[in-house]
Amino acid sequence: MNVHVLENEEAIGQAAGDLFCALVRQKPAAVLGLATGISPVPSYRRMIAQYAAGKVSFAQAITFNLDEYCDLPREHKNSFFSFMQRELFSQTDFLPEHINFLDGNTADEFAESERYRLAIEAAGGIDLQLLGIGRNGHIGFNEPAENFTVEAYKTALTASTIAANSLYFDDIPMPHYAMTMGVDSILRAKRLILIATGSSKADAVKAMLEGEVTPRCPASALRRHTDVTVYLDPAAAALLRK
Ligand code: PGA
């Protein structure tokens, strides 16, 4: 893995956002794997700034988001669909018909998983996937488990994830389930970027990069991929040996 320690979130957002912009300039109909959370926001700001400056257009790009809450209307402000509208899509020229999400309100999670797998395959696969990492080492909503997961599925969120995300839910209780792409489907992306900032991620970053490859740390699966770039700030990198 290519590990870069940059001075702060802004420098990381610039570097990661520029990788997305460079890809889309070179391949306008690129397939982008996108993520929610605090970590990707500076990258999205950079993409918005490059779009506003006329340096890139996302009008042909296709997006697939990693995950979505279950039992939450898509229009609710805390859905990942709403998050992406706010933080990226509404401020750029991504076309609604090119934007793809798992349906967290599906009545048939298996059919929904298959629909998503086929849609990604039909688009030619994900060219560049953006990831954050949970404090427990999760990627997407793949929580520590006995086995690595495969395709998209419905998962129960762990107490650690609920604690980390429930502060955003000020009107209704946070959902306890989500639909998420599985680890194998994430690893099918041609290229991946993982961003981690802050000391709360330092243990997970160390486990991902220096621990064993184990489903107890889902992010460690990235070590099986040949093209992963990891951007860390000094706090997230603090426990690394080298
Ligand atoms: P964060 O979430 O970027 O909000 O820290 C990352 C994650 O939980 O995957």
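The side chains of Asp 127 and Lys 190 are joined by a polar contact of 3.1 Å. A polar contact here is a pair of N or O atoms within 3.5 Å; within protein, one atom must be able to donate a hydrogen and the other to accept it, and residues adjacent in sequence count only if both atoms are side-chain atoms. The model is predicted: local features need pLDDT of at least 70, side-chain atom pairs count only at pLDDT 80 or more, and totals for chains, interfaces and linings use all residues. Residues are numbered from 1 along each chain as its sequence is written, and side-chain values use heavy atoms, with hydrogens and water left out.

**Asp 127**

Asp 127 also reaches Lys 27. Their side chains make a polar contact of 3.0 Å. Asp 127 belongs to the loop between helix 4 (109–122) and strand 6 (128–131). Helices (H or I, at least four residues) and strands (E, at least two) are DSSP runs, numbered from the N terminus. Asp 127 counts as buried because its relative accessibility is 9%. Buried means under 20% relative accessible area, exposed over 50%, and partly exposed in between (1.4 Å probe, protein chains only).

**The ligand site**

Ile 38 places a backbone N or O atom 2.8 Å from an oxygen atom of the ligand. For Ser 39, a polar side-chain atom lies 2.5 Å from a ligand oxygen atom. Lys 201 likewise has a polar side-chain atom 2.5 Å from an oxygen atom of the ligand. Taken alone, the ligand exposes 280 Å², and the protein buries 79% of that. These areas come from the Shrake-Rupley method with a 1.4 Å probe; for residues, only the protein chains shown count as cover.

**Buried positions in strands and a loop**

Ile 195 is in strand 9 (residues 192–196). Leu 131 is in strand 6. Met 179 is in strand 8 (residues 177–180). Ser 79 lies in the loop between strand 4 and helix 3. Ile 195 counts as buried at 2% relative accessibility, Leu 131 at 1%, Met 179 at 0% and Ser 79 at 0%.

The table pairs these residues with partners along the chain.

| Pair | Separation in sequence | C-alpha to C-alpha distance |
|---|---|---|
| Ile 195 and Ala 219 | 24 residues | 11 Å |
| Leu 131 and Ala 196 | 65 residues | 8.8 Å |
| Ser 79 and Tyr 69 | 10 residues | 6.5 Å |
| Met 179 and Leu 66 | 113 residues | 8.6 Å |

**Asp 71**

Asp 71 is found in the loop between strand 4 (67–69) and helix 3 (80–87). Asp 71 is exposed, because its relative accessible area is 57%. Its phi is positive, about 60°, although Asp 71 is not a glycine. Most residues other than glycine have a negative phi.
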